[in-house]
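Colleague: I'm new to reading models like this one. Could you take me through it, one feature at a time?

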Amino acid sequence: MEAPRERSLNIMRKNIPIVLQLQPLLRACWGLACAVVITGSLLPAASAPIRMLSKLGINDKIEHFGAYAVLALLPTVHERWPRLSLLLLLMLLLGVALEFAQLYSPGRAFEIGDMVADATGLLAGFLCGLPLRNFAMGTALPAGLRSKTD
């Protein structure tokens, strides 16, 4: 078995993009973001975190949009396409499921507009993540747009 230092040197020698080297950290950040979104979506309206958030005066649709944009952006940057497609679908279903779950959270309400904001945020996060993905993976342009000399 390789020592950690030797393993990291071997990774650098193989020209593995840094974003793939950081994949465990990025996945952990994404998991934390999911936990925050799930918790925030299910907390009762009278809870301290929700009351503090409402004092900021940010429209709840903007909050939904931003939260789901982050949830889509993080995996778009580093996950491979099959897994990314699955995660985006699961996040869309999560948004719908959490909206239905709010029916059982005191002071919270089901709103189709929130689901639209979630889906729009997912799309925006995905689209914003694509250029970052290409840069981080070392492909500034998709293969079909690169010249034969690149």
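Modeller: H5 and H7 pack at an angle of about 35°, and their axes are 6 Å apart. The axes are lines fitted to C-alpha atoms over the stretch in contact, and the angle, from 0 to 180 degrees, is taken between N-to-C directions. One caution: this is a predicted model, where local features need pLDDT of at least 70 and side-chain atom pairs count only at pLDDT 80 or more, while totals for chains, interfaces and linings use all residues. Residues are numbered from 1 along each chain as its sequence is written, and side-chain values use heavy atoms, leaving out hydrogens and water.

Colleague: In which hand does H5 cross H7?

Modeller: H5 passes H7 in a right-handed crossing; right-handed means that the near helix is turned clockwise from the far one, by less than a right angle, and left-handed that it is turned anticlockwise. The residues of that contact divide into 15 nonpolar, 8 polar and 5 charged. Here Ala, Val, Leu, Ile, Met, Phe, Trp, Tyr, Cys and Pro count as nonpolar, Asp, Glu, Lys and Arg as charged, and the others, Gly among them, as polar.

Colleague: How many helices and strands does the chain have?

Modeller: The chain has 7 helices and 0 strands. Read from the N terminus, the elements go α-α-α-α-α-α-α.

Colleague: And what share of the chain's residues count as buried?

Modeller: Of the 150 residues, 29% do. Buried means under 20% relative accessible area, exposed over 50%, and partly exposed in between (1.4 Å probe, protein chains only).

Colleague: Where do nonpolar side chains tend to go?

Modeller: In soluble globular proteins, nonpolar side chains tend to be buried together. In this model, the largest nonpolar core has 15 residues, and Trp 30, Val 37, Tyr 68, Leu 71, Leu 88, Met 91 and Leu 122 have the most contacts inside it. Helices H3 (23–42), H5 (60–78), H6 (81–101) and H7 each supply at least two residues of this core, and the largest share, 5 residues, comes from H6. Apart from this core lies another, of 6 residues, among them Val 19, Leu 26, Ala 136 and Met 137. A nonpolar core is a set of buried Ala, Val, Leu, Ile, Met, Phe, Trp, Tyr and Cys residues joined through side-chain atoms within 4.5 Å.

Colleague: What does Leu 88 touch?

Modeller: Not counting residues up to four places away in sequence, Leu 88 touches Ala 72, Leu 122 and Phe 126. Contact means heavy atoms within 4.5 Å.

Colleague: Where does Gln 102 lie?

Modeller: Gln 102 is in the loop between H6 and H7. Its relative accessibility is 2%, so Gln 102 counts as buried. Leaving aside neighbours within four places in sequence, Gln 102 is in contact with Ser 41, Leu 42, Arg 108, Ala 109 and Asp 114.

Colleague: Which residues does Ile 50 touch?

Modeller: Not counting residues up to four places away, Ile 50 touches Gly 40, Leu 43, Pro 44, Ala 45 and Arg 108. Ile 50 belongs to helix H4, residues 48–55, and is buried, with a relative accessible area of 16%.

Colleague: How about Leu 73, which residues does it touch?

Modeller: Leu 73, in H5, touches Gly 125, Cys 128, Gly 129 and Leu 132, again not counting residues up to four places away in sequence. At 25% relative accessibility, Leu 73 counts as partly exposed.

Terms used
Helices (H or I, at least four residues) and strands (E, at least two) are DSSP runs, numbered from the N terminus.
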